[in-house]
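Please open the model in your viewer and keep the sequence beside it. The tour below moves from one selection to the next and says what is found at each stop.

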Amino acid sequence: MNQPDTIDLTACDREPIHLPGAIQPHGVMLVVDPETHLVRHQAGDTERFLGVAHTVGRDATGLLG
């Protein structure tokens, strides 16, 4: 199968990536307060990737190293 020489990115602006809804199964998301470094929100399988099921209220520095 031949690949095109150029990539058409015109459809990218229509992708709803700005709408929250799901985290990819191979990742997690932590929302961290920049002043206190405390986790305010979490999404994804944090237990699998960080070894901790509940990260909200924890120090992100300790979780991430």
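Where is the place of His37? His37 sits in the loop between β1 and β2, where helices (H or I, at least four residues) and strands (E, at least two) are DSSP runs, numbered from the N terminus. Before selecting this residue, note that the model is predicted, so that local features need pLDDT of at least 70 and side-chain atom pairs count only at pLDDT 80 or more, whereas totals for chains, interfaces and linings use all residues. Residues are numbered from 1 along each chain as its sequence is written, and side-chain values use heavy atoms, with hydrogens and water left out.

**The whole chain**

Begin with a cartoon view of the protein, which has two helices and two strands, running β-β-α-α from the N terminus on. With a surface displayed, the accessible area of the protein is about 5,600 Å², and 55% of it belongs to carbon and sulfur atoms; such areas come from the Shrake-Rupley method with a 1.4 Å probe, and for residues only the protein chains shown count as cover. Of the 65 residues, 11% count as buried, where buried means under 20% relative accessible area, exposed over 50%, and partly exposed in between (1.4 Å probe, protein chains only). Among contacts (heavy atoms within 4.5 Å) in the protein with a separation of 6 or more, 10% are between residues 24 or more positions apart.

**The hairpin**

Next, select residues 28-32, which are strand β1, together with residues 39-44, which are strand β2. These strands pair in the antiparallel sense over five bridges, pairing being assigned if DSSP finds at least two bridges between two strands.

Now return to the six residues between the strands, where His37 takes a positive phi near 65°. Most residues other than glycine have a negative phi. His37 is partly exposed, with a relative accessible area of 38%.

Show the side chains of Arg40 and Asp33, which meet in a salt bridge at 3.8 Å, N to O. The term stands for a side-chain nitrogen of Lys or Arg within 4 Å of a carboxyl oxygen of Asp or Glu, and by this rule the count comes to one. Side chains of opposite charge can pair when their charged atoms come close. Both partners are partly exposed, with Arg40 at a relative accessible area of 40% and Asp33 at 21%.

**A nonpolar patch**

Select Ile23, Met29 and Val31, which form a nonpolar patch on the surface with about 210 Å² of accessible area together. Patches are made of residues with over 30% relative accessible area and no salt bridge, like charges being joined within 9 Å and nonpolar side chains (Val, Leu, Ile, Met, Phe, Trp, Tyr) within 5 Å. Met29 itself lies in β1 and is partly exposed, with a relative accessible area of 40%.

Which residues does Thr55 touch, not counting residues up to four places away in sequence? They are Leu30, Val39, Gln42, Thr46, Leu50 and Leu63. Thr55 lies in the loop between α1 (46-50) and α2 (60-64), and it counts as buried because its relative accessibility is 0%. Its side chain is joined to that of Gln42 by a polar contact of 2.5 Å, the term meaning a pair of N or O atoms within 3.5 Å; within protein, one must be able to donate a hydrogen and the other to accept it, and residues adjacent in sequence count only if both atoms are side-chain atoms.

**The last stop**

Finally, select Val56, which is also placed in the loop between α1 and α2 but is exposed, with a relative accessible area of 51%. Its C-alpha atom is separated by 5.3 Å from that of Arg40, 16 residues apart along the chain. Not counting residues up to four places away in sequence, Val56 touches Val39, Arg40, His41 and Gln42.
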